[in-house]
Amino acid sequence: MYIIVGLGNPTEQYAGTRHNVGFDVIDRIADEYNISVESRKSRALVGTGIIAGRKVLLVKPQTYMNLSGESVRGLADFYKIDVETELLVIFDDVSLDVGQLRIRKKGSAGGHNGIKSIISHLGTNAFHRIKVGVGEKPAQYDLADYVLGHFSKEDRELMEEGYKRAVHATELLVSDQVEQAMNEYNKKVKAKER
């Protein structure tokens, strides 16, 4: 079993915000592979399916971002997975341009509370992750207000492209093609000519 977790906050008020891009990517993966993410397990919405010939569990923790680790740890223990090779976490990153991806095999939380919680509960920072850029916070904004804000129309279009790339990157990671995914997606995407 390969567990794919998208981070976000439950309830309608957070839908479509920058902090919920992990949920948005899970929704795109679910659509692409016809997986229903409506069952409940370990304080998360989950759905099982097949990607690249491998059984996967799509996960949207319902614990709120800062407690994501509780849900992820429960699922990792239940399915007895090797978190280093069978866990992928998808989340927002304010240090990347809108729609830009960065794939890592491990690393620090980088100030992201959801990742901080997962590292704390798993006792390791060695798990695959796809960071999805939401753009840098403008100087006058509070970080919490920024990540809980919505995308402009222009940024939404860039995010849709980013979501498509994240779905494909996920397929590569599930297929154990981590290096290929990193080579393909860890480079800056050039803005389209206007």
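**View A. The turn between strand 2 and strand 3.** In this predicted model, the hairpin built from strand 2 and strand 3 has two residues between the strands, and Ser42 in that hairpin takes a positive phi near 50 degrees. Strand 2 covers residues 39-41, and it runs antiparallel to strand 3, with three bridges joining the pair.

**View B. Strand 3 and its cover.** Is strand 3 mostly covered or mostly uncovered? Take a look at residues 44-51: this strand is mostly covered, with six of its eight residues buried.

**View C. Strand 3 meets strand 4.** Here strand 3 pairs up again, as eight bridges join it to strand 4 (residues 54-61), and the two run antiparallel.

**View D. Helix 1 packs with helix 6.** Two packed helices are described by the angle between their axes and the distance between the axes. For helix 1 (residues 21-32) and helix 6 (residues 153-174), the angle is about 65 degrees and the axes are 9 Å apart. Their crossing is right-handed.

**View E. Who touches whom in the helix pair.** Which residues of helix 1 meet helix 6? On the helix 1 side you'll find Val21, Asp24, Val25, Arg28, Ile29 and Glu32, and they meet Met159, Glu160, Tyr163, Ala166, Val167 and Thr170 in helix 6. Sorted by type, the residues of this contact come out as seven nonpolar, four charged and one polar.

Methods. Residues are numbered from 1 along each chain as its sequence is written. This is a predicted model: local features need pLDDT of at least 70, side-chain atom pairs count only at pLDDT 80 or more; totals for chains, interfaces and linings use all residues. Side-chain values use heavy atoms; hydrogens and water are left out. Buried means under 20% relative accessible area, exposed over 50%, partly exposed in between (1.4 Å probe, protein chains only). Helices (H or I, at least four residues) and strands (E, at least two) are DSSP runs, numbered from the N terminus. Two strands pair if DSSP finds at least two bridges between them. Axes are lines fitted to C-alpha atoms, for helices over the stretch in contact, and angles run from 0 to 180 degrees between N-to-C directions. A crossing is left-handed if the near helix is turned anticlockwise from the far one by less than a right angle, and right-handed if clockwise. Contact means heavy atoms within 4.5 Å. Ala, Val, Leu, Ile, Met, Phe, Trp, Tyr, Cys and Pro count as nonpolar, Asp, Glu, Lys and Arg as charged, and the others, Gly among them, as polar.
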